[in-house]
Amino acid sequence: MTLTEKDILNARILVVDDQPVNVNLLTEMLASAGYTQVFSTLDPTVVCRMHRETPFDLILLDLQLPGMDGFQVMEGLKANSTDSYLPVLVITAQPGHKLRALQAGAKDFVSKPFDLVEVKARIHNLIETRLLYGQLKLQNLELERQVQHRTAELQESEARYRALTELATDWYWEQDPSGNFTKVSGPVLEMLGLRVAALDGETPMSLGEGWNEEGRRALQKRIESRMPFIDFLLERSRPDGSRQTFRVSGTPMFNNLCDLIGYRGIGVEVRS
């Protein structure tokens, strides 16, 4: 999105000063410069309400005000706004107030008596910064929305993948980066020769018997080294002397930063 001069001149500006002559001077100067939405008030107590109801892109704020000074107005603006950017240009005749005003959140200051050329330049620069800040905030919100949408799509895709995988295979498993099983279905724990607590907190699973130890150790070594494998054959002997053969495949899982987040694999029995 490109910021144009028209966008700047259409910015909402509020002039706050208890001296009508100063208000007239600033509003006429802004109008002559082409600004189309210039508002003013002599009452500092209404500034926070006005900004809350319809936010301004810049508030020209005098510090020396009766009843509620400019510092109190800025505190009220900060307390009642969800926006971290305080669009305030302070007007002061007291040089010692400049640093305090900036520390209170003001973005810039001008001194009385006014140098109108300087005032116009500072106003233009602050409004441009304010509008660019707003555009960046909107872009960040849109990016966050897209990320959330994409994350939801990936989660749905992952859920469909798991469901189809479990339907199409005899077993399925997932591990975290430390090698702990987070999801298990079928005889995978027996196949790997591991004794771990069941995922539901039940009695620990016992090791299976009859597996070809050489093949099982070779598979475990591949998993520990984070190597993918496809159609790795494993065999086991049944108590009746017959043999079973399984074809297993697995792959490490990584996030979008290429960090390992776990391992998963599938297996099917080879039926003759």
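This is a predicted model: local features need pLDDT of at least 70, side-chain atom pairs count only at pLDDT 80 or more; totals for chains, interfaces and linings use all residues.
1. Five strands make up an open sheet with parallel pairing, and their order is β2-β1-β3-β4-β5. At the edges stand β2 (37–41) and β5 (108–111), each of which pairs on one side only. From one strand to the next, the twist averages 20°.

2. The β3/β4 pair. Strand β3 covers residues 58–62 and strand β4 residues 88–92; four bridges join them in the parallel sense. Within this part of the sheet, Ile-59 stands opposite Val-88 of β4.

3. Helix α2. Residues 20–32 form α2, which packs on the sheet and touches β1 (12–16), β2, β3 and β4. The direction of α2 makes about 160° with that of β1.

4. Helix α4, placement. This helix spans residues 70–79 and lies across β3 and β4. Relative to β3, α4 runs at about 150°.

5. Helix α4, buried residues. Which residues of α4 are buried? They are Gly-70, Phe-71, Val-73, Met-74, Gly-76 and Leu-77. In an α-helix there are 3.6 residues a turn, so residues three or four places apart point the same way.

6. Helix α4, start. Here a side-chain oxygen of Asp-69 comes to within 3.0 Å of the backbone nitrogen of Phe-71. Phe-71 is also among the buried residues of the helix.

Conventions
Residues are numbered from 1 along each chain as its sequence is written. Side-chain values use heavy atoms; hydrogens and water are left out. Two strands pair if DSSP finds at least two bridges between them. Helices (H or I, at least four residues) and strands (E, at least two) are DSSP runs, numbered from the N terminus. Axes are lines fitted to C-alpha atoms, for helices over the stretch in contact, and angles run from 0 to 180 degrees between N-to-C directions. Contact means heavy atoms within 4.5 Å. Buried means under 20% relative accessible area, exposed over 50%, partly exposed in between (1.4 Å probe, protein chains only). A polar contact is a pair of N or O atoms within 3.5 Å; within protein, one must be able to donate a hydrogen and the other to accept it, and residues adjacent in sequence count only if both atoms are side-chain atoms.
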